[in-house]
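Dear colleague,

I am passing on to you the structure below, together with a short account of what was found in it. I would be grateful if you could read the notes alongside the coordinates.

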Amino acid sequence: MPAVTVSDLSALPRIGALDATVRQRPVAEVTTAPKEFDSNGVPVQRAFADVELHLLDPFIHLDHIGGIDFEPNEPKGSPWHPHRGFETATYMMDGVLEHADSTGGGGIIAPGATQWMTAGSGILHIETPAQDAVAAGGGWFHGVQLWVNLPRARKWTPPRYQDLAGDRVTLLTTPDAGALVRLIAGSLDGHPGPGTTYSPVTMLHLSLEPGAQVVMPWPTDHNALVYILGGDAFIGGERLATTTGQLVVLGDGDAFTVTAAPRQHTRTGTLEVLVLGGQPIGEPVAWYGPFVMNTRAELQQAYDDFDAGRLGTIPVGHPLAPTG
């Protein structure tokens with residue numbers, strides 16, 4: 001199932017209909033995410049590969065994780081690792097992740113839930129398939145992890161953790177009730193999402209019935225990125241054909257159009273789309289590995305602080321603490 005679902009879309013609040021005079025955002029660039037395997041053998045698609053950072057700003061990195069049908073006891077998680085200078089949003093559509101960090105934050109990321117972690121001045125964390133759920137019983141595993149940059153003035157903010165359970169997501173539909181809109185962060189047509197972010201961003205997951213169309217109002221001061229999680233779509237007024245694993249960068253305007261192809265060969269039978277937008281920060285980016293800073297000197301300081309143990313310690317006795 002694609003995270004939170006609704007049996008009767010007509011009962012949901014609707015985003016407003018837009019007239020023909022609205023300024024549509026044109027397609028500026030299309031890329032196809034390369035397929036790789038992470039260190040634990042989980043397939044990932046690097047959705048922002050080969051896209052210039054200034055087009056993504058304030059976003060840095062996006063991993064499309066899975067989908068994969070795990071055998072029992074097959075999935076493995078990442079080890080404890082550091083971050084500084086940005087926020088991560090891990091959104092699960094299928095499967096269960098367990099998260100913990102050096103501040104004591106964490107919990108279960110169930111289907112439909114989002115873990116929004118602000119690394120800020122520095123944190124250690126771990127994410128792993130929950131041993132009593134996915135790892136023990138196997139099953140379908142599908143999600144995304146987004147990295148959102150922090151402006152210079154917020155790089156040193158204290159770490160924090162937001163557990164955005166699936167029942168907190170703002171659910172909307174289109175004027176004709178042909179699509180389900182799951183608003184995770186930001187606002188859309190006056191409707192707020194549950195996520196609180198330092199950089200103004202909007203993050204949502206769309207499910208469109210075959211042949212359905214949505215004309216999405218979008219803040220003019222935000223960029224607009226459309227990533228195809230699964231299915232076939234036509235993007236923009238020019239109806240550019242796209243498919244699973246492709247990212248569309250849109251130009252300036254007040255709205256954009258997503259149209260689902262008449263046939264969808266997906267597990268859900270619907271077109272699944274991740275839509276992102278943010279207010280560009282416009283500052284220099286120095287990024288290497290798990291740290292996103294403004295200068296090379298700040299990057300070196302982050303590595304020095306990590307080596308010296310100044311980015312936090314693993315809680316003693318935590319179930320996810322390393323053994324031996």
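How many aromatic pairs does the count come to? In this predicted model, the count comes to 5 aromatic pairs. One of them is formed by W218 and F256, an edge-to-face arrangement with 5.4 Å centre to centre and 70° between the planes. This pair links distant parts of the chain, the two residues being 38 residues apart. W218 belongs to the loop between β18 (213-217) and β19 (224-230), whereas F256 is in strand β23 (residues 255-260). W218 counts as buried because its relative accessibility is 4%, under the 20% limit. F256 is likewise buried, with a relative accessible area of 0%.

Two further points concern aromatic rings. F86, W147 and W287 form one aromatic cluster.

What does T257 touch, beyond residues up to four places away in sequence? Its contacts are Q24, Q213, V214, V215, F234, I235 and G236. With Q24 there is also a polar contact of 2.8 Å between the side chains. T257 has a relative accessible area of 6% and is therefore buried, the limit being under 20%.

Another buried residue is D94, whose relative accessible area is 11%. D94 is found in strand β6 (residues 86-94). Between the C-alpha atoms of D94 and P129 the separation is 11 Å, with the two residues 35 residues apart along the chain.

I turn next to a sheet. It is an open sheet of 7 strands with antiparallel pairing, in the order β1-β22-β19-β24-β17-β14-β13. Which strands stand at the edges? They are β1 (27-32) and β13 (170-173); each has a single partner strand, so one side of each is left without a neighbour in the sheet. From one strand to the next, the twist averages 20°. Within this order, β14 (residues 179-185) pairs with β17 (residues 201-208) in the antiparallel sense over 6 bridges. V181 stands opposite L206, a residue of β17.

With kind regards

Key:
Residues numbered from 1 in each chain as written. Predicted model: local features only at pLDDT ≥ 70, side-chain atom pairs only at ≥ 80, totals over all residues. Heavy atoms only, no water. Phe/Tyr/Trp six-rings, centres within 6.5 Å; stacked < 30°, edge-to-face > 60°. Helix = DSSP H or I, 4+ residues; strand = E, 2+ residues; numbered from the N terminus. Buried < 20%, exposed > 50% of the residue type's maximum accessible area, 1.4 Å probe, protein only. Contact = heavy atoms within 4.5 Å. Polar contact = N/O pair within 3.5 Å; in protein donor to acceptor, adjacent residues only side chain to side chain. Pairing = 2+ DSSP bridges. Axes fitted to C-alpha atoms, helices over the stretch in contact; angles between N-to-C directions.
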